[in-house]
Amino acid sequence: MDLQYTPEQNQLRESVERFVREEYDFSRRRKLVTSDTGHDESCWRQYADFGWLAIPFSEAEGGIGGDATDTGIVMEGVGRGLLLEPYLANVVLAGGVLSALGNAGQKAEWLQPMMLGQRKLALAHSEPGARYEISTSATTARREGMRWVIDGHKSLVYGGSTADTFVVIARTAGSVDDRDGLSAFVVDAATPGVSVTPYALHDGQRAADVTFSGVKADAQRLLGAEGQALAPLERVIDQAIAAVASEAVGAMATLVDMTLEYLKTRQQFGRPIGTNQALQHRMVDMYIALDEARSMALYGALMLAEPDAAARRKALSATKIEIDRTARLVGQEAVQLHGAMGVTEELAVGHYFKRLSMIGVSFGDRDWHLRRYAEA
């Protein structure tokens with residue numbers, strides 16, 4: 001197995017790193033965090049111009065035909081720069097479900113405009129009290145003549161605060177925790193009965209709670225076959241795990257670089273603190289953890305192609321478990337080695353640690369994945 005990047009992938013990596021380095025410094029991010037939208041629309045249009053929004057989708061869908069490794073390269077850049085634009089929400093989550101379940105007409109109407117930066121999508125699937133269980137859904141969709149009527153409440157909808165369109169997971173049969181009976185629908189944010197409550201997360205990212213009260217959806221807004229959305233949704237969530245694993249690698253890499261530079265330049269008793277052997281050992285531990293995380297992120301991306309769903313889920317749980325461990329180690333060491341200033345708002349280190357902490361509880365925390373790994 002060749003684990004080296006292709007020339008095209010190296011070009012993609014260099015372009016993402018150049019954008020982060022030249023266009024997205026920390027001072028710009030701090031301003032965006034407190035803005036109304038929480039991100040930069042001009043950057044979003046640049047993502048579309050660069051082709052980043054079309055990477056994982058086939059040429060037949062209007063995309064570039066990349067794979068999970070290509071998406072991981074972009075997500076690593078997202079982590080390096082702590083980019084705020086809703087790439088994960090649009091491309092991996094909502095875009096992933098549309099790609100998996102939508103027909104040609106549905107993709108032309110909703111997926112292709114997203115690739116062009118003309119429409120923002122968000123996947124509304126998680127609910128209060130679900131505790132990461134993907135199949136748990138109290139949101140229902142019932143037939144009423146030629147239309148569907150959707151009622152329910154979705155929480156922690158990534159990108160939901162600025163989404164034009166929601167991909168909604170609703171139950172069309174069975175009880176709340178049944179694995180069968182889940183369906184996917186496309187609902188415009190402006191539809192009567194849709195109520196969006198936006199908020200900022202601990203790491204500066206934006207999300208929303210979305211309530212659907214008697215929301216009417218035409219029959220053509222059902223994605224795929226009725227009641228058959230769970231398996232594609234599980235694959236998309238595994239894709240999201242691989243994506244945030246790569247994002248975590250990018251954030252960890254930046255923390256390692258920042259910490260090494262600080263140890264080289266911070267003077268104490270007339271010499272750099274990095275000459276202290278105990279601190280050198282801690283720095284080595286950070287480098288080892290980063291390499292371990294990079295290997296697991298690549299493993300997770302490659303295992304997305306595994307046809308055995310149980311084996312794929314086990315591999316992605318292993319990836320998430322290891323990413324959580326290494327991110328915690330690197331984040332805590334970076335903060336501690338910077339001293340008290342490591343947790344100030346003015347220094348980037350604490351912001352990277354916040355994002356790594358949020359990744360740790362996204363799409364299943366360590367305990368949840370340990371259980372899923374054992375059951376696979």
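1. Ground rules. This is a predicted model, so note that local features need pLDDT of at least 70, side-chain atom pairs count only at pLDDT 80 or more, and totals for chains, interfaces and linings use all residues. Residues are numbered from 1 along each chain as its sequence is written, and side-chain values use heavy atoms, with hydrogens and water left out. Helices (H or I, at least four residues) and strands (E, at least two) are DSSP runs numbered from the N terminus.

2. Helix 5. This one covers residues 87-101, which is 15 residues, and spans 20 Å from first C-alpha to last, close to the 21 Å expected at 1.5 Å a residue. The expected span here is 1.5 Å times one less than the number of residues. Helix 5 also bends, by about 45° at glycine 95; the bend is the angle between axes fitted to the seven residues ending at a residue and the seven starting there. Helix 5 is mostly covered, with 13 of its 15 residues buried. Buried means under 20% relative accessible area, exposed over 50%, and partly exposed in between (1.4 Å probe, protein chains only).

3. Valine 92. Staying in helix 5, valine 92 sits there and is buried, at 6% relative accessible area. Which residues does valine 92 touch, not counting those up to four places away in sequence? The partners are Thr71, Tyr87, Val236, Gln239, Ala240 and Ala243, where contact means heavy atoms within 4.5 Å.

4. Helix 4 against helix 7. Two packed helices are described by the angle between their axes and the distance between the axes. Axes are lines fitted to C-alpha atoms, for helices over the stretch in contact, and angles run from 0 to 180 degrees between N-to-C directions. Helix 4 and helix 7 (residues 230-265) pack at about 40°, with axes 6 Å apart. That makes helix 4 oblique to helix 7: under 35 degrees counts as roughly parallel, over 145 as roughly antiparallel, 65 to 115 as roughly perpendicular and the rest as oblique. The helix 4 side of the contact includes Gly72, Met75 and Gly79, and the helix 7 side includes Ala243, Val249 and Gly250. Helix 4 passes helix 7 in a right-handed crossing; a crossing is left-handed if the near helix is turned anticlockwise from the far one by less than a right angle, and right-handed if clockwise.

5. Helix 7 against helix 10. Helix 10 (residues 348-360) packs on helix 7 at about 155°, with the axes 10 Å apart. Helix 7 is therefore roughly antiparallel to helix 10. The contact includes Val244, Ala251 and Leu255 of helix 7 and Val349, Tyr352 and Ile359 of helix 10. Their crossing is left-handed.

6. Helix 9 against helix 11. What angle do helix 9 (residues 309-337) and helix 11 (residues 366-375) pack at? About 150°, with axes 9 Å apart, so helix 9 is roughly antiparallel to helix 11. Among the contact residues are Arg313, Leu316 and Asp324 of helix 9 and His369, Arg372 and Tyr373 of helix 11. The crossing of helix 9 and helix 11 is left-handed.

7. Positive phi. Take a look at leucine 82, where phi is near 50°, a positive value in a residue other than glycine. Leucine 82 is in the loop between helix 4 (68-81) and helix 5, and is buried at 3% relative accessible area. Leucine 156 has phi near 50° too. Leucine 156 lies in strand 3 (residues 147-158) and is partly exposed, at 34%.

8. Threonine 165. Buried or exposed? Threonine 165, in strand 4 (residues 165-171), is buried, with a relative accessible area of 0%. Leaving aside neighbours within four places in sequence, the contacts of threonine 165 include Trp110, Arg119, Val187 and Asp188.

9. Isoleucine 64. This residue is in the loop between helix 3 (41-50) and helix 4, and is partly exposed at 46% relative accessible area. Beyond neighbours within four places in sequence, isoleucine 64 is in contact with Gly51, Ala54, Ile55, Phe57 and Glu59. The C-alpha atoms of isoleucine 64 and tryptophan 52, twelve residues apart along the chain, are separated by 8.9 Å.
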